[in-house]
There are 2 protein chains.
Amino acid sequence: MKILVIGAVAAGTSAAAKARRNDEKAEIKIFDMDSEISYSSCGLPYFIGTEVESRELLVPRDARFFKKKYNVDVYTRHEVLEINAQEKLIVVKNIDTEEIFNEAYDKLIIATGARSVQPGIEGISKPNVFSLRNVGSAEKIRNFIIGKKPKNAVIVGSGFIGLELVENFMARGINVTVVEMADHVMASLDKDIAVYLEDYLREQGVTLILNDSVTGLEGDVSASKVVLKSGKTVDTDFVIISVGVKPNVELAKNAGIELGVTGAIKVNSKMQTSIEDIYTCGDCAESYSLITGKSVYRPLGSTANKTGRIAGDQITGGTLEFRGILGTGIFKVLDMTVAQTGLSEKEAIKEGYDVEVCHNIKPDKPEYYHGKEMVIKAVADRKTGRLLGAQIVGKSGVDKRIDIFVTAISFGAKAEDLFHLDLAYAPPFSTTKDPVAYTGMILDNAINRSRKLITAAALKERLENGEDITVIDSRSALQYEQAHIEGAINLPHDRIRQDMGTLGKDKTVVTYCNKGVTGNAAQNILINNGFKEVYNLSGGHSNYKKNGLL
Amino acid sequence: MKILVIGAVAAGTSAAAKARRNDEKAEIKIFDMDSEISYSSCGLPYFIGTEVESRELLVPRDARFFKKKYNVDVYTRHEVLEINAQEKLIVVKNIDTEEIFNEAYDKLIIATGARSVQPGIEGISKPNVFSLRNVGSAEKIRNFIIGKKPKNAVIVGSGFIGLELVENFMARGINVTVVEMADHVMASLDKDIAVYLEDYLREQGVTLILNDSVTGLEGDVSASKVVLKSGKTVDTDFVIISVGVKPNVELAKNAGIELGVTGAIKVNSKMQTSIEDIYTCGDCAESYSLITGKSVYRPLGSTANKTGRIAGDQITGGTLEFRGILGTGIFKVLDMTVAQTGLSEKEAIKEGYDVEVCHNIKPDKPEYYHGKEMVIKAVADRKTGRLLGAQIVGKSGVDKRIDIFVTAISFGAKAEDLFHLDLAYAPPFSTTKDPVAYTGMILDNAINRSRKLITAAALKERLENGEDITVIDSRSALQYEQAHIEGAINLPHDRIRQDMGTLGKDKTVVTYCNKGVTGNAAQNILINNGFKEVYNLSGGHSNYKKNGLL
């Protein structure tokens, strides 16, 4: 039994290690073009910043380690030129000696990963224009920064890597401008959550340019001016291109292996490709959504690790099968954490769900224990009550809440299930009712108990369409005077029981307070007094204002 | 419709608020003996320390707030003397005016809470002997500390409150001695996890006295000497008695309401007592285990809040039902967090499960991102693979992991499910394979893939019984020389493939390394080479040593 693996980063090495754990006798070889193996791609931004001090911390293992621990032979700086599926062999080139040789396999695992998308921008090959993908490219950026002490950076693209680089550049005293083509940062988020991150970035001194793209990188030798489609220009000392990655599928494609709709290698739950005895895993493989069952491409270290292990198990007779992903993602920029899992509102709508959406703004801990506010946007299916996804922004405890959602959604949780979870409570960790439980209550009340919600965007749209809606501002007169939704009536909460008589019970009513709790209380009172159709504004005045709708 | 509630802390006020949200017309009154309402009991230790600066932060709401927001009348300093279920009325005494009056109800909610157990110790009523239960008692302790500037405290009992007080006393410069009757702190933990906390407490300068109890508190006026059963004495400036709480059930019992096996008020999932129209919630009510279905008594703020809401919903025609608890608990002492959910090993064995147990020692984040080690002990049912419980100690990220377990166990997760969770990964938050996923892999391998585990205690016992077991230390020669399990053979991992020939394949073998990973690798190699019965030592040498078994 001879197992060959192409690629020695997260997926390839996981596959090889798992294969060895299952099978002591197999011959296992890994080939990789690069010099480093089994390193943490996700740690690279922190190596460029000041958080990770040495390269060795990120690349703790080498070929010798793999030989000793797993009896696996790792060949670095070896490029695989061709897969010959008929003959069951691969053609390999030793990059240093230029020797080319054939290597036969019984089982082959393709773990060729992904590479940065390089858009066709004039000047992109200038020496101070970088992309971050592997240890080598991280070192290039790091050495540039340490050597040239640049003051200004332009980051093109605002995905995980782009935004993680923001904080790491700032840690080195560099001013950062982010250029994003879409109308909000981090495309996978809904816009009404992205705004929280955008405001925070601006507060921290980051220049954000949205709805714009780079058309040229000008300068004599180096790029010193970034020219945008809008005609705007930005002076800079260097440029990072991080507009996404695409799977390295050329080897597979040339071998006749089927690609999926996303362009990544098509794969079943056993990580088998369309050709017998050829498996794939990691960033070159397609994945699928645990919720919709549809193919998706979301290359991530954790998934690479998982699919690698599954491939390694399968080729050695194991029964592990891939169950799909929720598309969970998390990142931190300075003090702000942003996380999401499952479907966003826009994705859920696109998938045809009748969505219920809530924006729950709550502290992660009691205020007396220095709790910090987080915003949880959660999406559920009105028909079944099933949770579809969550997005969270905040400064503390965001990672915990997203993982509770991940776990709940993985088991098919309904909104109403969240309240019942016996989550761990003590003041240093949570509030008596955890924000996740609270989110479930709000959604359950909306779906099953006619405490309907309306999003800020939907209210704005309906008001602009001239619909006859009574909007009630339940906050104090002072708060109302400072700012309120146009046309809203001020009816402070402690007066609603006396004063609601003047309102028409048959008209559509929207209540709101600052964040949603008192608005919901007002909604309850009106419904219990016979009002026909009452919505509470999701996320209240605070979220409406944040979204620039006032 | 007239609703009366006895008790105005977490459960009673939650019930009243929920009732009002559902029903605008009902008359709702709450009676409480105390002066404060709706406060955070769980925050009291931090008010005694320096974390919470003012009383108002803990007690943000008063009767006026409830009247304005919920149209609920709260009567503080009103003692309920009797429940007359036949007449459907309660007898109330105004503590200040001594006026006694009857109040009729349609629905009654008993939320009388719990009180500290006061053991029959000589000297317990001395003025510097305290228990912590409500705002008044917290203020007494706080004022004593600020006024008398004591240097030494003895805390009797090592449950949540006792251990939370440790850090808060230390924050005020007080030396702490903890006296615990059992052989380990925090009775609900398994001993082999409690040892991590005990070592930490000792490192921080806390004096722990286990297996001992207080027989007297000596001193002229104040208690200045604590006398223990062992004959030992401890000089002190004040004493805290925190040996547990018991439910306040006298009112209910006198009214003929049935109590449960735990001594708390018997209740069904609708929070109904044995008498029609009388409901109960919070710390006076019995709960039941989500896993075993059996009655348990675990009074906690989060459960009080939950059961209060359910009672309030039910009495106003709602359909919310209680689903039971996992007995989740969490607390922090200085930098150390300890959390548990579900069944401990000892509980699971007592319940008759054939338990698989693992001790997974892993950093919460990559080491290059300052990860700190946590120990996860998890218990699963060998027959079904179902997760039964988890206990975690560590310095960072413990609350997240316990809540993932809580959520998974609530949905009936099997050990094998944890690996598949698409948990949020980025270096500031987790490792590529989260410690929870890893725990699932270890248990799954043990239950379904014959990678058996043995606990430190079980190995020690079998060795002491003289069983013929080959124990293999897979660490380096140097580590082996420093300390190893008696009788173990040193077979460093990089030599096992060559040297295993000398070992008998039919003998029982136990492998171990420092924490478990390499021990598992060695186990794999032996099993794949035909060894019949190979165990990996759960938690490795590190856990064996921590438990004092070397």
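Reply: Here is a walk through the salt bridges between the chains.

This is a predicted model, in which local features need pLDDT of at least 70 and side-chain atom pairs count only at pLDDT 80 or more, while totals for chains, interfaces and linings use all residues. Residues are numbered from 1 along each chain as its sequence is written, chains are lettered from A and ligands numbered from 1 in the order in which they are written, and side-chain values use heavy atoms, with hydrogens and water left out.

A salt bridge is a side-chain nitrogen of Lys or Arg within 4 Å of a carboxyl oxygen of Asp or Glu. Over all chains, the whole structure has 80 of them.

Let's start with B:Glu416 and A:Arg323, whose side chains form a salt bridge at 4.0 Å, N to O. This pair crosses between chains: B:Glu416 sits in the loop between α11 (398–410) and α12 (435–448) of chain B, and A:Arg323 in the loop between α9 (301–314) and β21 (329–333) of chain A. Helices (H or I, at least four residues) and strands (E, at least two) are DSSP runs, numbered from the N terminus.

Next, A:Arg449 pairs with B:Asp313 in a salt bridge, their closest N and O atoms 3.5 Å apart. Here a loop residue of chain A, A:Arg449, reaches B:Asp313 in helix α9 (residues 301–314) of chain B. B:Asp313 is buried, with a relative accessible area of 1%; buried means under 20%, exposed over 50%, and partly exposed in between (1.4 Å probe, protein chains only). By that scale, B:Glu416 is partly exposed at 31%, and A:Arg323 is partly exposed at 33%.
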